[in-house]
Amino acid sequence: MSPNDPHYVFCRLAVDKAKLCVVSPTSSNPPPRVAVVFARGSKIIGWYAKGVGGQFLDGEHLVDFVAKSNAHAEQALIEKMHGFDFSDATAYVTLEPCTKKKAAGLCCADLLVQTGFKSVFIANCDPNPDVGGLAWRTFHANGVVTRDFPPELRNEARRDNDLFFRKFHFSVRDSGKAAFDYASVGSRTLGSPGREFNTRWTNRDDGSIYALDYDFNVAVAKHCTSFDEIDDPARWFEDSYYTKPVDEGQIVIFRNNCGYALVKILRVRKQRTGVDAVNSELKFEYQLRYAISG
Ligand SMILES: [Zn+2]
């Protein structure tokens, strides 16, 4: 997505507006920093930053307003813009909309569906493993097209929400080994359905291979040789390449909405044709870490 694309501009704006949310670094239960932008084509029609305030389109002009401090960003803006026709509008939210019904009314995911949104961009999945990913299900079931923010903006929003994300840590849920002919298969799925990692591989050399993920959700933990050395898998990720060369003995990390797959390369053999033909071979051990609350 080009930075000139209106979708990119509004994703960028939502990430910037979320920076307005102030969270005390000493808070024992830090709330998320969340902002939402509503737009129609290339025209902004409203935005809100949770606990801060926002603007909505009143006639020709954006007008300031502030909702209750505990109102969710989407809820605040939808309530303020009650009666507005959202059928051709798009919502850009920095954190997955909530899916749990509240005593006072609908959750934000249902609010967006009910008010007629057909298109929603989301920067980050809720790190709470009990609810993470459920908004995608709600939107999918209701015909709402859901798209991710561009990778660099997702990462920025994630970093800006570090205090909130740190409330959830990751624990080992599964581990094992795999060996397969990567030239004929190309990928190996690890983990259970719904939270699986689709590890993908392509040819490099004997003793070395490329791990790939087109959304940049792959990283090499340089100089680490055992899983125990990796306390925070997130720190290894950058946005610049979707293929990572990885050698025997090294550890590559794949990331999805639920956590991390750590994969240590044990053996790589390149495919050979001709008289000494051999199949390609990739052998690795892995450890899957999923978010848990606490
Ligand atoms: Zn909400």
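Biologist: Which residues coordinate the zinc ion?

Modeller: In this predicted model, local features need pLDDT of at least 70 and side-chain atom pairs count only at pLDDT 80 or more, while totals for chains, interfaces and linings use all residues. Residues are numbered from 1 along each chain as its sequence is written, and side-chain values use heavy atoms, with hydrogens and water left out. Donors are N, O and S atoms within 2.8 Å of the metal (3.2 Å for Na, K and Ca), and the site may look incomplete because water is not among the atoms. At 1.9 to 2.2 Å, the zinc ion is coordinated by His-72 (ND1), Cys-98 (SG) and Cys-108 (SG).

Biologist: How many residues apart are His-72 and Cys-108?

Modeller: The donor residues follow the spacing H-x25-C-x9-C. His-72 lies in the loop between β4 (61-65) and α2 (73-80), and Cys-108 is in helix α3 (residues 108-114); helices (H or I, at least four residues) and strands (E, at least two) are DSSP runs, numbered from the N terminus. The pair links distant parts of the chain, its separation being 36 residues.

Biologist: Is Cys-108 buried or exposed?

Modeller: Buried means under 20% relative accessible area, exposed over 50%, and partly exposed in between (1.4 Å probe, protein chains only). His-72, at 25%, is partly exposed. Cys-108 has 0% relative accessibility, and therefore counts as buried.

Biologist: How far apart in space are Val-15 and Tyr-92, C-alpha to C-alpha?

Modeller: Val-15 sits in helix α1 (residues 6-18) and is buried, with a relative accessible area of 1%. Val-15 and Tyr-92 are 77 residues apart in sequence. Their C-alpha to C-alpha separation in space is 9.3 Å.
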